[in-house]
Structures are given as C-alpha cells and as structure tokens.
Amino acid sequence: MKKLITIIFTMVILTVQGQDLDPAYYLFGLSFDYSISTYPGKRLKRHKFNPRIHESDLGNILRLSEVTNKEFKKIKSQKDCRNCDEFYELKSVPWKLGEFYNFFYEKIKGTRPKKVTGIVKNEVIENASINQMKSFLAGIYNGFGTMSGDTIIFQFGHVNSKLEITERFIDSLDGAEFMKTIPVEKDILGGGPLLIFVPKGNLKKFLLNERKRINTLANQVNSSAPK
C-alpha cells in the first residue's frame, strides 16, 4: 500500500490540479482552530500547520498534498498514541501559526503551564483575496465538510472563530441561497456547531469541483489497489 500511495502521490504532483489555490489558506481552513484555549508546551506562533488525516480518508490526504505541493508520510506508532500509525501528515510545512494568529497567554491558578488563546489576525480576514477566501473554504470542506445534492454541511469540532470567518467569506463571494447555523449545547470535540448552506453561482461550482477532486483521488487509490 505504501508503494501504491507513493505512485498516486507522484501522479498528483504531475497533474498540478492544486496550484491555483493558496496553500497557506487551505491549511488554515483544514487545521485545528487555535482560537480555542489550550495548554501548549511551546510557543504556538512558531508551530506549523500540519493536520493529521486518517488513512481511511486517502482522497483528502492526496488533495492536501496536491494543493500544498508537499509529500506526506505515515506517522509512526507512539507510546501515548495507540492509533497514530493510522494517520498521515505532510513531511514538511513552511507555514507557521504565527502568520495567522496572535497568541495571548494567561496563567491559570493551580496549573503549571500557561493557557493560551489564539486570535486570528485582522489582516488575514480583511486583506484576503478572492482566491484566498476560496482556498480557506476548500480547506474547511476537506476537513469538516459533506455534501448532499446542492447542500453543504460543515461540522465544526468546537464553537470557534472559523465559523464566523466561514460565514463572512461565503457572503463575500457569491453568497448562499440558504444558510443556517445549528448550535450545540456543549462545546465538546466533535460536537461543535453545524453550518448548513446552499452556495450560489461560481462558489457552488467551485465547492462541487473540490468534492469531485477529492473523490477522484480516492478512486485512483482504490482502483489501483491489489484485489
């Protein structure tokens, strides 16, 4: 399977299907939202975007590799992570969290590390080009999206700033015929709000093509796998 994925990766790079998108904004959409308070071991602004994608989502992995033009690798088993070897990540990533977030540290009484919250930089939103907004939405779709007919659903893991940015970028592009947010009672991992919308015009065509591309890449792997 490893050789097969390497072959498919080479095919992906040669197709240059992802070069029109902004890789940094694509990763920004796809990655964990650091506006949620965490307890980091090091300064997050120096960390790099590198989401982990499960092996069952090979189309998503290949699409990320295609957009960023970066190779990926399977993560090795770790003592504190039983199923880490079921995930993939990019081998190298040049884009740092500090390019998109300002981080604020707060000492919580009774805890040793400082709690940190990221605030998305204003210029990331205000100065985003049309291509960067589309790239962000494509990344959101890769990581959190499903599509049924013309309706798209984004399942956010937490109540976070990405929901607001997503709504703003949708409105700044072609907008939506219908858009509704379904909140959650508790902010838990995997239990964040749902954004349900029906995109219009070129945005609809763009997100449909993103889904098709992910599916095409997944099918290439499946059709090439030994029977």
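Here is a short tour of a predicted model, one selection at a time.

**Stop 1: the largest pocket.** Start by selecting Leu30, Phe32, Pro51, Arg52 and Phe144. Of the 26 residues lining the largest pocket, these sit closest to its centre. The pocket itself has a volume of about 590 Å³. Now colour helix α5, residues 130–144: this helix gives the largest share of the lining, four residues. What is the make-up of the lining, by nonpolar, polar and charged residues? Colour by residue type and you'll find twelve nonpolar, nine polar and five charged.

**Stop 2: a three-stranded sheet.** Next, switch to cartoon and pick out β1, β2 and β3. They form an open sheet in the order β1-β3-β2, and the pairing is antiparallel. Which strands stand at the edges? Those are β1 (53–54) and β2 (72–74); each has a single partner strand, so one side of each has no neighbour in the sheet. Zoom in on β2 and β3 (residues 87–90), where three bridges join the two antiparallel strands. Show side chains for Phe72 and Leu90 here: Phe72 stands opposite Leu90, which belongs to β3.

**Stop 3: Asn69.** Check the backbone angles, if your viewer lists them. Most residues other than glycine have a negative phi. Asn69 has a positive one, near 60°. Is this residue buried, partly exposed or exposed? With a relative accessibility of 45%, Asn69 counts as partly exposed.

Stop 4: Now select Arg213, in helix α7 (residues 201–224). Arg213 is charged, yet it counts as buried, since its relative accessibility is 13% and the cut-off for buried is under 20%.

**Stop 5: Lys121.** Finish in the loop between β5 (114–120) and α4 (122–126), where Lys121 lies. Lys121 is buried too, with a relative accessible area of 17%. What does Lys121 touch, leaving aside residues up to four places away in sequence? Select Gly98, Glu99, Phe100, Tyr101 and Asn102 to see its contacts. To try the distance tool, click the C-alpha atoms of Lys121 and Glu99: they are 8.2 Å apart in space, while the residues are 22 apart in sequence.

Conventions. Residues are numbered from 1 along each chain as its sequence is written. This is a predicted model: local features need pLDDT of at least 70, side-chain atom pairs count only at pLDDT 80 or more; totals for chains, interfaces and linings use all residues. Side-chain values use heavy atoms; hydrogens and water are left out. On a 1 Å grid over the protein atoms alone, a cavity is a set of points where a 1.4 Å probe fits but cannot get out, and a pocket is an open set with protein on both sides within 12 Å along at least five of seven lines; lining residues have an atom within 4 Å of a point. Grid points are joined across faces, edges and corners, and a volume is the space filled by probe spheres set on the points. Two strands pair if DSSP finds at least two bridges between them. Buried means under 20% relative accessible area, exposed over 50%, partly exposed in between (1.4 Å probe, protein chains only). Contact means heavy atoms within 4.5 Å.
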